[in-house]
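Hi there,

Here is the structure I promised to pass on, with the sequence alongside. Please have a look at it first, and then read on for what turned up.

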Amino acid sequence: MRTVNDSVSTSAPAPLTAYYLVYLALLVLLVATVLCANLHLGHLNIVVAMIIAGVKAGLVLWYFMHLRSSPKIVMMFMGMAVATLVIGGILSMSDYLAR
Amino acid sequence: MSSSTHIPSGSAVIDPHAQFGDLHQENEMSVACMWLFLATEVMFFGGLFAAYVIYRTLYPHVFTEFSHHLNVTLGTINTGVLLTSSLTMVLAVHAAQHGHRKKLFANLLITLVCAFGFLGIKATEWTTDIHEGLGPGSLFTYSGPDADKGALFFRLYYTMTGLHGIHVIIGIFIIGYYLWWSTTPRFTKERYLPIEIVGLYWHFVDLIWIFLFPLFYLDRI
């Protein structure tokens, strides 16, 4: 049994390297977002922070949550959730900002 | 209904449930349904994020001012702790897929320790905030300028980080169960799927925090 397991682990080292690289990238982006917050960019600060958060979320979704190899229906589920959120957000904002 | 012919020879035979043609289809459906649950979670948290965005737009200077009361160092450390737990979770999934019982156990254990660490740091922050009069609801005794809108910022802060914290606590119970499960004979590499689904949940908890952290801690001018 042990030899079977060993042969499996040696034949698939690639994804593990990818996981460590993604983790490293996430930590670098975490440091970057904290440093950017001290840059005094005014209201652009939050925009930069959200772009970095979006990239981090993308890395987690794509590599850690295996979105790239998931069934297509998964993309549809998440697409619909985000679309509903955007529609609800636009409607709410148009209401509040017009008061 | 038996479909043992779909299973490669040499591996343990697991029959799919009757409504599925084969195990691959059953696994794919289980994963898809977990994503469907996560889609509802996106909308659940989405409502709160929308509330934050609306009030942040209405009172931009108050929100950026009160953001300074939060401890960025602890927030950054906590984000690092959660990102680390996401790495060990994905390593646990990898170990489960390859039938490495010890690696699965070790990675789930580290994930669990990180989850407790996250909650511990969060509890320290909350305690400090409450002592400074920046607590939720009636515990908000701050009396500086814009205190009423500052109370709104902190209510959103406690609601959103609290709901996230509840998700972390639920995750602790689920990961704890599978930590025990990984030591029983019920775990085989053909039955790795529960770990993958727990992994999806845990990464989602991490995803929410990735957005909460900059919104509350780093929204400064």
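A search of the whole structure finds three salt bridges over all chains, where a salt bridge is a side-chain nitrogen of Lys or Arg within 4 Å of a carboxyl oxygen of Asp or Glu. Before the details, some ground rules: this is a predicted model, in which local features need pLDDT of at least 70 and side-chain atom pairs count only at pLDDT 80 or more, while totals for chains, interfaces and linings use all residues. Residues are numbered from 1 along each chain as its sequence is written, chains are lettered from A and ligands numbered from 1 in the order in which they are written, and side-chain values use heavy atoms, with hydrogens and water left out.

The salt bridges

One of them joins Arg56(B) and Asp219(B), at 2.3 Å from N to O. Arg56(B) lies in helix α1 of chain B and Asp219(B) in the segment after α6, so this pair ties together parts that are 163 residues apart in sequence. (Helices are DSSP runs of H or I with at least four residues, strands are runs of E with at least two, and both are numbered from the N terminus.) Arg56(B) and Asp219(B) are both buried; buried means under 20% relative accessible area, exposed over 50%, and partly exposed in between, with a 1.4 Å probe and protein chains only.

Thr64(B), in helix α2 of chain B, touches both of these partners as well as Arg220(B) and Ile221(B), not counting residues up to four places away in sequence. Contact here means heavy atoms within 4.5 Å. Thr64(B) is buried too, with a relative accessible area of 5%, and its side chain reaches the backbone oxygen of Pro60(B) at 3.0 Å.

Another salt bridge links Lys122(B) and Glu125(B), with 3.4 Å from N to O. The two are three residues apart in helix α4 of chain B, so about one helical turn separates them. Beyond its neighbours within four places in sequence, Glu125(B) is in contact with Asn71(B), Leu74(B), Gly75(B), Asn78(B), Tyr157(B) and Tyr217(B).

In chain A, Asp95(A) forms a salt bridge with Arg99(A), the closest N and O atoms being 3.0 Å apart. Asp95(A) is partly exposed at 38% relative accessibility, whereas Arg99(A) is exposed at 69%.

Between the chains

How many salt bridges are there between chain B and chain A? The count is zero, and two residue pairs are in polar contact, both at pLDDT 80 or more. (A polar contact is a pair of N or O atoms within 3.5 Å; within protein, one must be able to donate a hydrogen and the other to accept it, and residues adjacent in sequence count only if both atoms are side-chain atoms.) On the side of chain B that touches chain A, the elements giving two or more residues are α1 (23-58), α2 (60-66), α3 (72-97) and α6 (193-217) of chain B. The largest share of that side, 16 residues, comes from α1(B).

In total, 49 residues of chain B are in contact with 46 residues of chain A. About 4200 Å² is buried between them, and carbon and sulfur atoms give 82% of that area; buried area is the accessible area (1.4 Å probe) that two parts lose on being put together, summed over both.

Chain A has four helices and zero strands. Of its 99 residues, 32% count as buried. Among contacts in chain A between residues at least 6 apart in sequence, 53% join residues at least 24 apart.

Most residues other than glycine have a negative phi. His66(A), in the loop between α3 and α4 (72-97) of chain A, has a positive phi near 55°, and at 15% relative accessibility it counts as buried. Asp146(B) also has a positive phi, of about 60°; this residue is found in the loop between α4 and α5 of chain B and is partly exposed, at 38%. Pro145(B), in the loop between α4 (101-131) and α5 (147-181) of chain B, is exposed at 66%. Pro145(B) and Val62(B) are 83 residues apart in sequence, with 9.2 Å from C-alpha to C-alpha.
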